[in-house]
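Biologist: I am new to this one. Could you show it to me and take my questions in turn?

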Amino acid sequence: MEDAAPISFKFRFIKKGQAAHMMSKKGQADDIGLELGGDRIRYEEVVDTTSRDNRLIVVFRPGAELGPVVGKNLAEAGIAIIEVYKIGVRTLERYIDRRSSLMQTEQRRARLAQEGKLNLFRTLACPCCAATVDVSELDRTTYVYCRFCESVFKDGGEVVTLGDVYRVCDECSIFDRVQSYTEFYFYFLLVVYGFSHKKRHLCDNCAGRTFWKVLAINAVFVLGVPSAIWMKVKSMRGREARLAELPSANALAKKGKVDAAHMVFATLYERLPDHPGLLYDQGLGALMAGRTDEGVGYLERSLKACANFLPSIQFLGSLSDALPPEGSSS
Ligand SMILES: [Zn+2]
Ligand SMILES: [Zn+2]
């Protein structure tokens with residue numbers, strides 16, 4: 001592997017949104033696993049990682065062997081959140097993903113070999129983050145999704161949408177451009193006044209909606225207004241030309257105007273034929289309007305275009321849990 005040198009960093013465990021201890025601890029990542037505050041965890045135990053700002057969320061497999069320090073500092077069952085210092089959190093995330101993905105695909109290869117199905121083993125290197133994407137046992141489709149960096153690329157390796165910019169919104173589950181915003185509130189309590197702020201990652205639609213809330217609350221205190229307006233401006237400018245109309249398509253769908261939204265999606269498909277994120281959005285729009293069969297149809301189509309598009313797989317999974325089994329009368 002090209003960057004075999006271990007990387008070291010400092011970190012603090014985060015619990016309930018706050019640092020769980022005063023002094024930062026030492027961490028290291030190498031070829032085999034992670035070392036956190038003296039505990040060693042092999043990459044086989046890591047199922048997924050996600051980063052937001054300078055925090056890394058590490059999801060362990062159920063029953064993972066964790067040391068006493070990590071075990072005591074979990075944010076919730078099976079999940080550790082650490083705030084990373086000294087190095088960029090993305091650098092650490094990608095380092096872990098590259099290795100754990102390789103390890104997981106090796107296990108898959110061994111399992112398929114055991115079952116005599118080695119011909120179904122297939123992997124691709126993500127052109128964006130270099131993680132190994134396992135597409136074994138899946139139909140070959142136009143697009144491939146990288147669950148590590150959330151990018152969509154063509155089977156031939158051409159990047160279509162970067163997960164850093166276009167992904168599923170944390171707050172509304174719609175696929176769109178997602179940016180980070182600092183919500184800024186001035187408050188006035190009897191004689192005390194000041195401000196509070198929090199950082200959120202929102203799609204263009206959620207940012208537009210949050211703008212009105214921030215503006216309304218801050219309107220009494222003129223100082224907060226510029227930051228609210230900046231939020232609106234940021235959500236509207238610098239959109240990628242190929243996906244410029246996506247927020248309006250999603251806004252229409254959220255208002256229940258599914259057919260009007262479909263017209264806008266049709267324009268988007270002229271530039272990005274059958275992009276799985278767009279089909280997923282169209283499916284969600286139809287589902288929100290109560291058009292279940294149609295919604296499921298779009299989600300299934302997104303998997304015909306991109307067999308491993310995880311947002312659709314997860315959504316269809318939770319739908320089949322929620323919907324009554326076929327043939328039942330209700
Ligand atoms: Zn990737
Ligand atoms: Zn959103």
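Biologist: Which residues does aspartate 176 touch, leaving out those up to four places away in sequence?

Modeller: This is a predicted model, where local features need pLDDT of at least 70, side-chain atom pairs count only at pLDDT 80 or more, and totals for chains, interfaces and linings use all residues. Residues are numbered from 1 along each chain as its sequence is written, and chains are lettered from A and ligands numbered from 1 in the order in which they are written. Contact means C-beta atoms, placed from the backbone, within 7 Å. By that rule aspartate 176 touches Tyr166, Cys169, Cys203, Asp204, Asn205, Leu246, Pro247 and Asn250.

Biologist: Is aspartate 176 buried or exposed?

Modeller: Count the other C-beta atoms within 10 Å of a residue's own: 20 or more is buried, 12 or fewer is exposed, and in between is partly exposed. Aspartate 176 has 26. Therefore aspartate 176 is buried.

Biologist: Which strand holds aspartate 176?

Modeller: Strands are DSSP runs of E, at least two residues long, and helices are runs of H or I, at least four; both are numbered from the N terminus. The protein chain has nine helices and 16 strands. Aspartate 176 lies in residues 175-189, strand β15.

Biologist: Which residues have the most contacts inside the largest nonpolar core?

Modeller: A nonpolar core is a set of buried Ala, Val, Leu, Ile, Met, Phe, Trp, Tyr and Cys residues joined through C-beta atoms within 7 Å. The largest has 50 residues. Those with the most contacts inside it are Cys126, Cys146 and Cys306.

Biologist: What does cysteine 306 touch, not counting residues up to four places away in sequence?

Modeller: Cysteine 306 is among the residues with the most contacts inside the largest core. Its partners are Thr141, Tyr143, Val144, Tyr145, Val152 and Pro276.

Biologist: At what angle do the axes of helix α8 and helix α9 cross?

Modeller: Axes are lines fitted to C-alpha atoms, for helices over the stretch in contact, and angles run from 0 to 180 degrees between N-to-C directions. Helix α8 covers residues 292-305 and helix α9 residues 310-322. Their axes come within 9 Å and cross at roughly 145°.

Key
Two residues are in contact if their C-beta atoms, placed from the backbone, lie within 7 Å.
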